[in-house]
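Dear colleague,

Please find the structure below, together with its sequence.

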Amino acid sequence: MGNLLKLLQKPDDSTPDIFLDFENAQPTDTERAVFEQVSIVLKRADVILHDLQEYQGAGEFIRDAISNPNQEDFQEKAWAAVCPLVVRLRNYYEYSLEVAEAVKSLLLIICSTDMTPTEHLDIQQATAKQFAEILDFTLRFDDYKMTNPAIQNDFSYYRRTLSRMRMASQNNSGDMSLAVNNEMANRMSLFYAQATPMLQTISDATTKFVSENKDLPIENTTDVLSTMTAVCRVMLENREYHTRFQQGDTILFVLRVMVGLIILYDHVHPVGAFDRRAAIDVKRCIKVLRDQTPNVEGLLNALRYNSKHLNDETTPSNVRALLVS
């Protein structure tokens, strides 16, 4: 109960004046081991995103197979088309498990009790940078997944066919020769059933981190998320910071990270990001998004449709109106 009361306390209005070097931050000695470990995971992020973006699906083969249920050649062609695609889907799912472990490793560094959230972000910038890169990857992955119905259609067809094959053979020994065995298919099904599976993965990882580290106050985690959100917002509002960006897409990166932080906070905090008692000035964050040229409607949509508490009765009407209009 005491932790909940601390979480619901109205935060002070001070905004940390930090420039997070998302482009060039290098690890300190205390960060280095985890930094190198997480770097191995992040090296695959662009490959995963590119592969997902190029995912075409086996819709034509599946439609032919369904339309011609008694013609074995159509069934074989559909199965041959779907199996390599399901292997790709398995790769994405297995990568999400690596991302979840990376999230917990990073949180263990930037949520420790030896420093305030502001000090963590100021001193351990390489850790903050990697956490930001995971959030950026998460939003991009889920956007590609949500806009590609072939993913769910292919996997659903695979599971239906797998079920028929198992019933026909009544023999589980063939599972190991399949693209994905039944046990893995069940786990993957839970992942792909989510509208935003990667966001759910890192939300669950964050919640699990809190439950596994009972010596760390829960507000350490939520305060780091809200503080990092404020830092991103200030970096976007302050044009002087923009001159320090060396890469043309850094502003969009910071925008995505800010949105990812808001959504993650909204999923792990008891009252979410939109309540008046929340530590995030979500109204100012939305204003920053709406002021962008060209517009970032996709990120506004991410807040509209991926948030957990936006439509709660406690959400101020003026905040809700900013996202509706």
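Throughout these notes, contact means that heavy atoms lie within 4.5 Å of each other. The model is a predicted one, in which local features need pLDDT of at least 70 and side-chain atom pairs count only at pLDDT 80 or more, while totals for chains, interfaces and linings use all residues. Residues are numbered from 1 along each chain as its sequence is written, and side-chain values use heavy atoms, with hydrogens and water left out.

Leaving aside residues up to four places away in sequence, Ser307 touches Ile263, Asp266, His267, Phe274 and Ala302. Ser307 sits in the loop between α15 (297-306) and α16 (317-324), where helices (H or I, at least four residues) are DSSP runs numbered from the N terminus. Ser307 counts as buried because its relative accessibility is 15%, the cut-off for buried being under 20% relative accessible area with a 1.4 Å probe and protein chains only. A polar atom of the Ser307 side chain lies 2.6 Å from the backbone oxygen of Leu303.

Pro294 is placed in the loop between α14 (282-290) and α15, and the peptide bond that joins Thr293 to Pro294 is cis, with omega about -5°.

Turning to the helix packing, α5 (residues 72-110) and α7 (residues 125-146) pack at an angle of about 150°, with their axes 10 Å apart; axes are lines fitted to C-alpha atoms over the stretch in contact, and angles run from 0 to 180 degrees between N-to-C directions. The two helices, α5 and α7, are therefore roughly antiparallel, a term for angles over 145 degrees. Their contact includes Tyr92, Tyr95 and Val99 of α5 and Phe131, Ile134 and Phe137 of α7, and the residues of this contact divide into 13 nonpolar, two polar and no charged. Here Ala, Val, Leu, Ile, Met, Phe, Trp, Tyr, Cys and Pro count as nonpolar, Asp, Glu, Lys and Arg as charged, and the others, Gly among them, as polar.

Helix α2 (residues 32-42) packs with α5 at an angle of about 155°, with their axes 10 Å apart, so α2 is roughly antiparallel to α5. The contact is made by Val34, Gln37, Val38, Val41 and Leu42 of α2 and by Tyr95, Glu98, Val99, Ala102, Ser105, Leu106 and Ile109 of α5; the residues of this contact divide into nine nonpolar, two polar and one charged.

Conventions. Buried < 20%, exposed > 50% of the residue type's maximum accessible area, 1.4 Å probe, protein only. Polar contact = N/O pair within 3.5 Å; in protein donor to acceptor, adjacent residues only side chain to side chain. Parallel < 35°, antiparallel > 145°, perpendicular 65-115°, else oblique.
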